[in-house]
Amino acid sequence: VSDVLTVGVDTDLAGRVGEVLGEDVAGLPATALDTDGGLLGRLREAGSPLVVVLGAEVPVDRAFRLADEVDTAAPGTSVVIVAHPRPDLWLAAMRAGVRELLSPTAGPEEITAALQRAAAAARARRDALPVAAGATSDHRVVVVASSKGGVGKTTVATNLAVGLARSGAGSTVLVDLVLQFGDVASALAMTPEFTLPDTVRGAASSDPLVLKTFLARHASGLLVVAGSESPAAGDAVSAEQVGALLDTLRQEFRHVVVDTSTGLSDHTLAALERCTDLVLVTSKDVPGVRGLRKELDLLAELGLVPATRHLVLNGVDPGGSLSMADVETAVGAPLDVVLPRHPAVPSSTNTGVPLLLDTGRDPVSRGLEALLARLLPVPEPRRSGLFGRRRVAVR
Ligand SMILES: Nc1ncnc2c1ncn2[C@@H]1O[C@H](COP(=O)(O)OP(=O)(O)OP(=O)(O)O)[C@@H](O)[C@H]1O
Ligand SMILES: [Mg+2]
């Protein structure tokens, strides 16, 4: 993904822009606008840059029309036009949705300021529009499940959710699908005003903006749909309602993490139907391992195992009668993450401070970090510069 694309910018100005950004800028000739898909096609190919600079080779009235198109069809990109800034031009430019006018003779400071403002505007629009066209393809629905109770589903789900929320990889919501006596709120030391049954009724069920007002915010930035306090209210929620709730949330949030109740209830199946990443948790004992195997087989029969699946063995004591090789043979697949038994976990459950928010470097946190890393996009190498991250030249 690149931050800046230039189109029809003369080499002189392109060189100055490159100097400001600290490297060569992806640049296309004005003729690229006449090929298939026009400017919008080029923006897609360039990975939706934050800023596109239309140079002097693009006639001003054409640049305005293009800016207008980008404003409607690709609002996450800001358009900068190279032209001598005159008041009358400014007015027309603003009406067309142009972010900045850049003088053809602009020096480094002027270029920096214009690009920074344009990039900031694009970022703000991206934040305000989490579902830009096509942006849902990288949205993830992470479902944490197990065939056996008390094996660490809630521990894993809350830590993953907090870790995703803090990673900066995108907005995250955690849904407690344990509709009776769900303990996500307690594991995060929260006392939410609303719970899941409130989110599937009335205006919240049809309007995403109203739905968002029913979510509780955790200090990590994570949003939470808590389980019901009352078993009766929880029972009244249907699997269809759960499915509709998850459909809305996965449009609105980059990550939806779902904590489930033991086994395959209708509610859990509704989540599994939408799951992109399945996290199956079990314990290192015969019932746990056999249960995991049966659950995998059943999900395969139902066609519900997503491409990305993560097998987690939790609460492992050193030694024990089963060896790791025994476990993998019985499960019929390699284990992805093994979390040891450690007193830091119950103490975190009881205080409501997730392990991943604690500074302690206990072995369970390290395992949870490894699981989290499996869900995060491969990080691009960091760079310091105008935009603080690496850009890849288009050509
Ligand atoms: N690795 C571990 N070491 C020590 N204790 C653990 C570990 N993992 C979980 N626990 C403890 O086990 C208990 C059950 O964990 P958790 O609530 O996460 O399981 P669960 O699968 O969600 O349970 P339920 O089926 O009741 O929803 C908690 O008290 C937790 O602190
Ligand atoms: Mg639980």
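Biologist: Two strands pair if DSSP finds at least two bridges between them. In strand 4, which residue is the bridge partner of Val-51?

Modeller: This is a predicted model, and in it the bridge partner of Val-51 in strand 4 is Ser-78. Strand 3, residues 51-54, and strand 4 run parallel and are joined by four bridges.

Biologist: How many residues of strand 4 are buried?

Modeller: Five of the five residues of strand 4, which spans 78-82, are buried, so the strand is largely enclosed by the rest of the structure. The cover is on both faces, with Ser-78, Val-80 and Val-82 buried on one side and Val-79 and Ile-81 buried on the other.

Biologist: And what is the strand order in that five-stranded open sheet?

Modeller: The order is 2-1-3-4-5, and the pairing is parallel. Strand 2, at 26-28, and strand 5, at 100-102, stand at the edges with a single partner strand each, so one side of each is left without a neighbour in the sheet. From one strand to the next, the twist averages 25°.

Biologist: How many bridges join strand 1 to strand 2?

Modeller: Three bridges join strand 1, residues 4-7, to strand 2, and the two run parallel. Across that pairing, Leu-5 stands opposite Ala-26 of strand 2.

Biologist: Moving on to helix 4, which residues are buried there?

Modeller: Helix 4 covers residues 87-96, and Leu-89, Ala-93 and Ala-96 are buried in it. These residues cover an arc of only 60° around the axis, which puts them on the same side of helix 4.

Biologist: What do those buried residues pack against? And which exposed residues are on the face turned away?

Modeller: The buried residues of helix 4 pack against helix 3, at 60-73, and strand 5, whereas the face turned away from the buried side carries the exposed residues Pro-87, Asp-88, Met-94 and Arg-95. Following helix 4 comes Gly-97, with a positive phi near 90°.

Biologist: Which residues of helix 15 are buried, and what covers them?

Modeller: In helix 15, residues 344-351, the buried residues are Ala-344, Val-345 and Ser-348. They cover an arc of only 100° around the axis, which puts them on the same side of helix 15. What covers these buried residues includes helix 6, at 153-167, and helix 16, at 363-375. Just after helix 15, Gly-352 takes a positive phi of about 80°.

Biologist: How many aromatic pairs does a search of the whole structure find?

Modeller: The search finds one aromatic pair. Phe-194 and Phe-214 form it, tilted, with 4.5 Å centre to centre and 55° between the planes. Phe-194 lies in the loop between helix 7 and helix 8 and Phe-214 in the loop between helix 9 and strand 8, so the pair ties together parts that are 20 residues apart in sequence. With a relative accessible area of 26%, Phe-194 is partly exposed.

Biologist: Which charged end sits over the ring of Phe-253?

Modeller: That is the charged end of Lys-212, which sits 5.6 Å from the centre of the Phe-253 ring.

Biologist: Last one: where is Asp-285, and which residues does it touch?

Modeller: Asp-285 is in the loop between strand 11 and helix 13, the latter at 286-301. Not counting residues up to four places away in sequence, Asp-285 touches Lys-148 and Leu-322. At 26% relative accessibility, Asp-285 counts as partly exposed.

Definitions and conventions:
Residues numbered from 1 in each chain as written. Chains lettered and ligands numbered in written order. Predicted model: local features only at pLDDT ≥ 70, side-chain atom pairs only at ≥ 80, totals over all residues. Heavy atoms only, no water. Axes fitted to C-alpha atoms, helices over the stretch in contact; angles between N-to-C directions. Buried < 20%, exposed > 50% of the residue type's maximum accessible area, 1.4 Å probe, protein only. Arc of directions from axis to C-beta. Contact = heavy atoms within 4.5 Å. Phe/Tyr/Trp six-rings, centres within 6.5 Å; stacked < 30°, edge-to-face > 60°. Lys NZ or Arg CZ within 6 Å of the ring centre and 35° of its normal.
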